[in-house]
Each structure stands twice: as structure tokens, then as C-alpha cells.
Amino acid sequence: MIMEKITIPIGPQHPLLKEPLSLRISVSGERVLGGELRLGYVHRGIEKLAVSRNYTQNVHLIERICGICSHVHTTAFCTAVERLLNLEVPARAHYIRALLCELERIHSHLLWAGILSKHIGLDTIFMHTWHDRELVLDIMEELSGGRVSHAVNKIGGVRIDLDIGHAELIKKNISKLHDEVEKLLEIIMHDSTIKARTQGVAIITPEEVKQYGIVGPIARASGVAVDFRSDDPLPPYDRLNFKIITQPEGDAWARTVVRIQEVHESMKLCEQILKVIPDGPVEVRARRSVPTGRVIVRAEAPRGELFYYLRSDGTNQPARLKIRTPSLPVLEILTKKLSEIQVADIPVVLAGVDLCIACADR
Amino acid sequence: MILQTLSFILVFPGLLFQVMCGWAFEWLDRKLLARFQRRIGPPWYQPLADWIKLISKEDILTHGSNAFILAALPIISLASVLTAGIYVPVAQFNRFGFEGDLFVILFLLSVPTLAYYLAGIASIGIYSILGGSRSLLQYFSYEVPFLLALSGPAILAESWSIQDIIASQVDMGPFSLFQPLGFLLAIVGLIGKLKRDPLDIPSAKSEIVAGPLTEFSGIKLAFWRLTMNIQAVVGIFLIINLFLSWSFLPSLIISSLIFFVECILLTVILSMASAIFARLRIDQVAGLGWRILVPLASLQLIAVVLMGI
Amino acid sequence: MNELTIDKIISDINSLTKGACQLVEYINDELVIEIPSSQLCKTIEFLVQGHESIHLSTITIDIDNSAPDYIHALYHFWENISCSLLVKLDTKNPELDSIISLIPGADFYEREAAEMYGIRFANRESTPALLLPDDYKGAPPMLIKKEK
Amino acid sequence: MPRFKNRTHILSAIIDAFIKPPDTTTYPFTPIELPHGFRGTVIMIDPEKCTGCSICIRDCPANALEIQRESRERYRLIHYPSRCAYCGQCEESCKNRAISQTNQTVKPTADPDSFIVVFKDTLGEDKPKFS
């Protein structure tokens with residue numbers, strides 16, 4: 001088809017995007033020639049804001065970096081501060097943090113599965129997964145009092161405690177979710193239209209994973225078994241058993257499969273945590289001023305490695321806080337992947353890498 | 001006499017009936033889709049409410065576009081589907097049938113697609129232009145198998161008049177029994193014609209916003225929506241007439257009842273198809289159309305011709 | 001493939017930079033090695049090519065107010081242990097060698113460092129704004145002192 | 001080329017969904033029941049307990065609390081619900097358990113700027129509320 005080169009703007013506002021991001025994609029007919037990326041539409045300067053607030057306030061500030069993986073952000077931040085304080089956090093608090101991390105992973109992956117299906121025109125799966133996600137959000141709301149901003153973490157422990165009722169609810173909802181995810185996995189593994197749309201699209205090779213520092217499910221879908229729950233585990237992951245799921249293909253379909261299987265693995269982890277969670281206190285008192293020092297914390301967010309660098313100068317405010325979210329390296333490779341594909345593949349590429357713009361912009 | 005003709009055109013089976021059926025179809029489709037997706041779905045008056053809301057909205061023109069063409073296109077397409085609706089027999093009520101009316105209906109049903117393409121080109125916008133070219137590409141993919149599938153009954157009945165086709169089905173039994181493949185292909189073609197999921201490539205929301213209709217708003221968009229709904233209704237009526245007319249119908253009431261039940265069933269099939277299929281890519285649609293549907297339709301046609309001999 | 005071990009990496013980098021490197025500290029058991037900025041590309045090339053699954057987590061720029069003469073640039077790597085390279089830059093003329101030819105993924109981190117801290121990167125064409133608007137005119141945001 | 005087999009999983013899923021009652025609800029015109037631990041309206045049940053230590057103000061991440069103080073005893077503690085992030089930090093920080101969160105949602109307002117709640121007032125009504 002002969003057609004001159006035109007530029008389609010995707011974003012800052014577009015039905016494809018759930019968060020603002022500007023992509024200018026040049027196409028010739030149905031063929032995509034290349035893309036240009038512009039970030040910063042949700043840049044809130046959190047790294048700068050954090051140095052003018054005390055640590056207690058910062059926990060809540062950091063929670064608002066992202067609406068999906070808010071808990072793992074605060075977990076990483078609190079762990080960083082606790083390491084500087086040399087604080088022995090009770091084991092029960094660690095387990096509750098891990099439980100919420102896993103619930104968050106389930107809800108993030110289900111949310112993503114829904115968005116991918118919506119983008120390839122399969123609204124049914126979108127509705128079904130988002131319904132299943134409600135089961136997790138119900139647990140979250142019951143546990144922490146908020147569906148997405150949990151305010152569970154505090155420096156020195158957690159603010160909530162699990163009781164019998166919570167455990168019952170979690171077990172009930174997780175077992176319901178088991179059936180639903182089983183069905184979902186069957187559909188995604190076997191549905192030929194999903195396969196037709198996702199297989200072979202935007203293949204990320206292991207070399208590119210290394211070059212761009214890609215982490216999380218996307219790296220695992222390219223066969224690189226990088227998972228900071230086992231590579232550099234925050235407690236209690238060193239005492240939990242779980243499988244790292246990898247797929248060799250590296251395309252959008254492999255990423256789908258990896259994520260859905262991870263939901264499965266996370267549900268097993270939740271059940272495991274409920275079984276082995278020790279009794280005891282959930283928090284210890286923490287001093288407000290943090291001794292001088294630097295600390296690096298790496299945590300496994302739903303999208304991959306979450307990196308926190310914290311330097312304290314002995315006051316009650318951090319001197320420098322650097323946050324690297326897993327979406328940033330993915331965004332770097334995105335423009336490279338947005339060429340030699342069709343216009344119809346753009347949603348698959350964008351949705352397949354599970355972008356979190358709020359995380360990336362900070 | 002004139003009054004009677006006017007009532008045919010304006011009330012039944014013309015404007016009013018078509019519009020009502022269009023809204024009923026939209027409601028049923030949305031409701032079914034909602035239920036397949038575990039939602040409640042809209043109340044029965046939702047399509048009407050949406051339409052009223054749309055016509056009360058501000059009408060926005062893109063800079064540099066021709067106001068007259070953009071206003072004319074939805075009216076032309078609405079008029080053509082309404083005209084097609086008059087010629088399609090409804091529950092064996094057929095006042096305007098003539099030899100060759102099938103051709104006229106098929107032509108009139110194609111007009112909205114062409115208008116849709118022109119709308120994409122005329123409303124200056126990147127998404128519209130892309131959507132327009134996509135709708136034309138898709139048109140070439142589904143139209144041939146659709147025509148081939150619909151000519152099956154005509155060849156079997158040895159007439160291009162819908163009335164004759166119905167009459168010969170009364171003798172022989174519904175044609176869908178003789179040509180199930182043709183029936184299926186006709187449904188696929190109808191999905192393509194209506195630009196419904198999974199063949200909603202020209203208006204793929206996550207890719208090109210709303211395709212050619214991106215820049216439309218207000219009353220023009222309302223007319224476009226009405227056109228789509230009536231096009232669906234006329235298409236469903238046509239397929240039911242050509243493939244699913246029954247021979248053993250004792251009375252008019254029961255035959256109308258069966259006709260509408262069949263229409264509802266076809267709507268259910270369309271809704272199910274949009275619930276279980278992901279949207280295809282344009283190259284996949286072209287491949288599907290030319291590599292699978294056209295050979296299958298030709299096969300069906302050959303079988304029909306052999307049957308006729 | 002040779003995995004990173006603390007002793008080995010120190011001795012390797014030590015021999016590579018001819019003794020110019022310096023073990024700064026463990027950030028809670030994590031390795032930080034200070035290297036002169038002239039040796040940065042060489043060291044990173046060694047790290048990237050000698051280790052199969054190493055990746056660059058990020059580049060952190062940090063200005064310690066108690067020692068304002070230097071800007072610290074930390075290159076955080078991860079293989080099986082965390083290893084950070086620390087480069088001290090002159091506050092008046094902060095310039096670093098770009099590493100995007102070695103690690104293309106460092107592009108965003110360099111752009112962010114450039115716009116937030118005003119650091120210049122040699123050996124790359126330009127550092128377009130990453131998060132700030134294109135028409136941002138003010139000083140690099142992280143250098144602005146809080147007004148009382 | 002897409003192959004149209006293995007449709008059964010998704011087909012059974014939609015038929016299953018069709019048979020079951022819908023999972024969405026119509027718009028609730030009555031207040032919905034929130035979980036016990038829902039972080040809702042911030043209230044001060046017993047102003048007697050408040051000692052005016054202002055730890056809540058120091059820890060509030062959204063600057064939703066404000067104190068206007070004349071002396072140790074005479075102060076006014078004000079809450080701005082429109083700024084509040086409902087994180088529950090004030091409840092957590094308050095040593096005397098004077099501030100607490102209920103599981104009720106906050107009533108909407110058309111005028112967020114003047115939407116203020118006075119938690120404790122020992123200054124007297126004659127002093128202006130806005131500083």
C-alpha cells in the first residue's frame with residue numbers, strides 16, 4: 001500500500017493509555033516505522049520532595065508514587081530506613097509485609113492481564129480478570145482499610161495485625177481465585193486469537209535484557225531468571241519456597257504466560273505465609289532521627305527490581321533518596337521495539353510490557 | 001393509497017419499525033455482552049437515552065473539513081439502510097419485493113461502508129484517515145465471501161427475488177440445512193459489514209481511537225450510530241430470510257414469532273462472537289478473507305450448483 | 001561464568017585501574033568502590049564484558065552537603081551481589097563520560113542526571129530532557145536550595 | 001493465520017458468567033457498608049484527651065492539620081478534610097489516642113477551601129479561624 005509517512009500521536013491522552021505518556025509514532029500505511037517517547041507528564045518530583053519531609057511523612061509520600069505497587073515501595077523504603085537504624089523488625093511484621101506484597105503482585109498482574117485483553121479487543125477477559133482482582137482488593141480493604149493505598153508500613157514494622165477473621169477471608173478469597181486463575185490460564189494458554197495477536201510480537205532477547213537492565217516478568221519471559229525475591233531476598237522471602245517462572249520465547253505471549261503463572265505462584269505464597277506466620281509483636285519503636293549512612297535496598301515489585309538508595313545525614317529527614325522503578329528500563333527499550341511492526345501491534349507492545357508511568361516519572 | 005404507502009415507509013416496515021428494531025438490537029446486544037462479562041448491563045431505554053443525549057450534544061467540526069460532506073454522509077448512509085430495510089421482508093410481510101431486490105439490498109447495505117470510508121477521509125484527522133483506509137481494506141476482505149455466501153440461496157431458488165427464495169424454502173425447507181457453510185460465512189460477513197468485534201479493525205479503540213468517527217460528535221454521531229444499528233437489523237433480517245425460513249408455518253402469528261425468535265438467536269450469536277474473539281489484525285483479516293472464507297464460499301457455491309443440477 | 005565475589009572484584013578493579021581504586025565502604029554489606037572518573041568507562045567495560053548477567057540498576061547522583069566540593073555519582077550494578085562504582089566529580093565542573101555505548105540502557109539515567117543535577121556527559125550527542133518540560137529554563141531542580 | 005479452535009474454554013467462561021447472577025451492582029443510593037478498618041473521616045471523639053503536643057501536625061504528610069497556639073493551654077487544632085490523604089498517620093502518632101479514624105466516608109462539599117473541622121478550641125470563638 002502506498003501511503004506517505006504520517007505521525008500518529010499516542011498520548012498524552014489516548015484510549016490506549018491509562019496514564020499519560022506521549023508517543024509519537026510514525027507510520028506508513030499500517031507499518032510502524034518508529035516511535036518517539038516523551039515522559040514527565042506525571043513527574044511530581046518525589047525525590048526532591050522527600051528530602052524536605054521527615055521519615056514518617058515520607059512513608060506516605062512514597063506510597064503515592066504508584067497506585068498499583070504502592071506497598072512494595074513503602075516496604076523498600078521502610079527497610080532502607082530500618083537498616084540505617086539497625087532496627088530488628090519483628091518477624092511477624094516481615095511476614096505481613098510479604099503477604100501484602102504478594103497480594104499486590106496478584107492484583108497488579110491481573111490488572112495487567114485485563115488491560116492486555118482489552119487492548120486486543122477481548123473485553124470479556126478484561127471484565128473477568130478485573131472481577132477476580134476485586135477478590136484481592138476486598139482482602140486489601142479489609143486488611144488495611146484502603147484498596148490501593150494501604151498505609152500498612154511504618155518504620156519499625158507494620159500498622160496492622162492479622163486476626164483469625166482476616167486469615168479466613170484471605171483463605172476463602174484465595175481459594176476462589178485459584179479456580180478463576182486456573183480458568184484464565186487455560187483460556188490464555190489455548191486461545192488462538194490471543195496467540196495470534198501476541199506471539200512473536202516485540203521479542204526481547206536475553207542480550208537486550210542485559211543491555212537495558214530489564215528486570216522482572218519481562219526479563220523472566222526472555223529466559224533470564226532474575227527475581228529479587230530470591231536473588232537478594234528481603235526477609236521473609238529467604239524462608240519461603242517459591243518457583244521462579246521463566247519462559248524462553250521473549251514475546252508478548254511469553255510475558256502473558258509468565259505473569260499469569262506468577263499469580264498462581266503468589267497465591268501459593270500467600271497460603272504459605274498464612275501457614276508459617278509466627279506470633280509476636282508487629283512493630284518496634286523507631287527513633288525519629290536516622291544515623292548517618294547510605295543504604296541500598298532492592299525489592300521485587302510486581303514489575304521487577306525496585307531500587308532504593310537512601311542517604312541520611314543524621315537528621316529526621318533523608319539527605320538523598322533515589323528511586324529507580326522497574327518501568328524505566330522497559331520504557332527505554334520501548335521505542336526500539338516500536339518499529340517494523342503493524343499499527344495493530346502497538347497496543348500489544350505497550351500493554352505487553354506493563355508500563356507504569358507514575359512509577360517511571362516519580 | 002398514498003397514505004398507505006406512506007405508512008409503509010414511515011411506520012412499518014419503514015422508519016419507525018426499523019429504528020425501534022435498531023434500538024432493540026443495540027440493547028439486546030449490549031445486555032448480552034454485559035451478562036457474558038458478569039455485568040448487569042444497561043436498562044431497556046438505554047439506547048434511546050444515549051441517542052437523545054447524543055443529539056443534544058454540541059456538534060464539532062474539525063478545522064479544514066467540509067461541513068456539508070460530513071453532514072451528508074451519515075444522512076446518506078441512514079437513508080440507504082432504511083431503504084434496504086423496506087425491501088427486506090419482515091416475517092413474510094413483503095410489499096415492495098421485485099425480481100432482483102436482493103442485489104439492490106446488498107448494494108444499499110454497502111453504501112454505509114463507503115460513506116464510512118469517506119467520512120474518515122473527509123474529517124481531517126490522523127485516526128480518521130487510518131480508520132478509513134482500514135475500513136476499505138476490510139471491506140475488500142469480507143464483501144466477496146459475503147456476496148458468494150448470499151448468492152447460494154439465490155442459485156438454489158433460481159431467483160434473485162427474496163420472495164421467491166422464501167417461497168422455495170417453503171417447498172424445500174430452510175436453506176441453512178442445505179448450506180450450513182454458506183450460513184456461517186454469511187454471519188462472518190455480516191460481522192465484518194457491521195464492523196463488530198472481532199472484525200472491528202476500522203474502529204479499534206486502542207489503536208486509532210474511534211476510527212473514521214473520531215471527529216464526529218453530536219447529532220451526526222447519533223445518526224451514525226442509528227445507521228449501524230439499522231444496518232445490523234437489516235442484515236439479520238436478510239440472513240434469516242435467505243437461510244432460515246420455515247415451510248411448516250400454520251399461521252401468521254406463529255411465523256412472525258419464529259422469525260423474531262430467530263433474529264434474537266442470531267443476535268445472541270453475534271454477541272457471543274464479539275465476546276469470545278480478540279480483534280484480529282488487518283493482515284490477519286485479509287488472510288482470513290481470501291485464504292479461508294473465499295475458498296470456502298466458492299466450495300459452497302459449487303456444491304449448490306451441483307445440487308441444482 | 002565467573003560470578004562476582006567481593007574479593008575478586010576488588011582485586012580485578014584494582015589491577016585494572018592500576019591501584020587507583022579504593023574500597024569506600026560497605027553500604028550494609030554492599031560493595032562500593034571508588035574509582036577515578038577517567039577510569040569509569042574502562043571499569044564498566046570490564047564489568048559488562050566479563051560478567052554475563054550483570055545489569056546496571058541506576059545511576060545515582062548525590063551531593064553531600066557536609067562535603068560540598070564533590071558530587072558523588074554512583075553506578076549501581078547487580079549480578080549476584082550489589083556492586084556500586086563511586087565517582088567523585090568536581091562541583092564546579094561536573095562532567096562524566098557517557099556509557100551509553102557500553103550500556104544502552106543507561107541513556108535515561110544519564111538524561112535524568114543531566115537535567116536534575118546539571119551534569120554534562122561527554123561522548124554523547126545531547127541529553128534531551130527526560131522528565132522536565134522541553135522549555136524548562138530554570139536551574140537543575142535538585143540543585144535549587146530550599147528557600148526559607 | 002489464526003486458527004479458530006480451542007474456543008471451548010472462553011465459551012464455557014462466558015456461558016458460566018451468563019448463568020450466574022451479575023457481579024456488578026446498580027448505583028447505591030443508600031450508604032454502602034464499609035469494612036471495619038476502612039480509613040475514613042478523621043474525628044476527635046474526646047477533645048479532653050488532646051494535650052496540644054502537635055505531634056500529629058509534625059507527622060501529617062498532607063499538612064491537613066493546623067494548630068493556632070497562644071500558649072501551652074490555649075490553642076486551636078484545625079483539620080482540613082479537603083487536604084487530608086486519609087493515611088491515618090495522625091491516629092497512629094497521637095500518643096493520647098485523641099484522634100481517630102472512623103470507617104465512614106467523608107461528606108462531599110462544593111467549597112473545599114472553607115471546609116474545616118475544628119478539633120479542639122480553647123482559644124474562644126471570637127478569634128478568626130483562618131490564619
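This note comments on selected chains, sheets and contacts of the structure.

1. The model is predicted: local features need pLDDT of at least 70, side-chain atom pairs count only at pLDDT 80 or more, and totals for chains, interfaces and linings use all residues. Residues are numbered from 1 along each chain as its sequence is written, while chains are lettered from A and ligands numbered from 1 in the order in which they are written.

2. Chain B has 13 helices and zero strands. Helices (H or I, at least four residues) and strands (E, at least two) are DSSP runs, numbered from the N terminus.

3. The 309 residues of chain B would, as a compact globule, have a radius of gyration near 19 Å, and the value for chain B, 19 Å, agrees with this. The radius is taken over C-alpha atoms, and the globule rule is 2.2 Å times the number of residues to the power 0.38. Along its principal axes, the C-alpha trace of chain B spans about 60 × 50 × 40 Å.

4. Of the 309 residues in chain B, 53% are buried. A residue counts as buried if 20 or more other C-beta atoms, placed from the backbone, lie within 10 Å of its own; it is exposed if 12 or fewer do, and partly exposed in between.

5. Chain B meets chain D through 13 residues of chain B and twelve residues of chain D. On the side of chain D that touches chain B there are eight nonpolar, two polar and two charged residues. Two residues are in contact if their C-beta atoms, placed from the backbone, lie within 7 Å. Ala, Val, Leu, Ile, Met, Phe, Trp, Tyr, Cys and Pro count as nonpolar, Asp, Glu, Lys and Arg as charged, and the others, Gly among them, as polar.

6. Between chains A and C, 29 residues of chain A are in contact with 28 residues of chain C. The side of chain A that touches chain C holds nine nonpolar, six polar and 14 charged residues.

7. In chain C, strand β3 (residues 55-63) has seven of its nine residues buried, so it is largely enclosed by the rest of the structure. β3(C) pairs with strand β4 (residues 70-78) of chain C in the antiparallel sense over eight bridges; two strands pair if DSSP finds at least two bridges between them. Six residues lie between β3(C) and β4(C) in the hairpin that they form.

8. Chain A contains an open sheet of four strands in the order β1-β2-β3-β9, with antiparallel pairing. β1 (5-10) and β9 (341-342) of chain A stand at the edges with a single partner strand each, so one side of each is left without a neighbour in the sheet.
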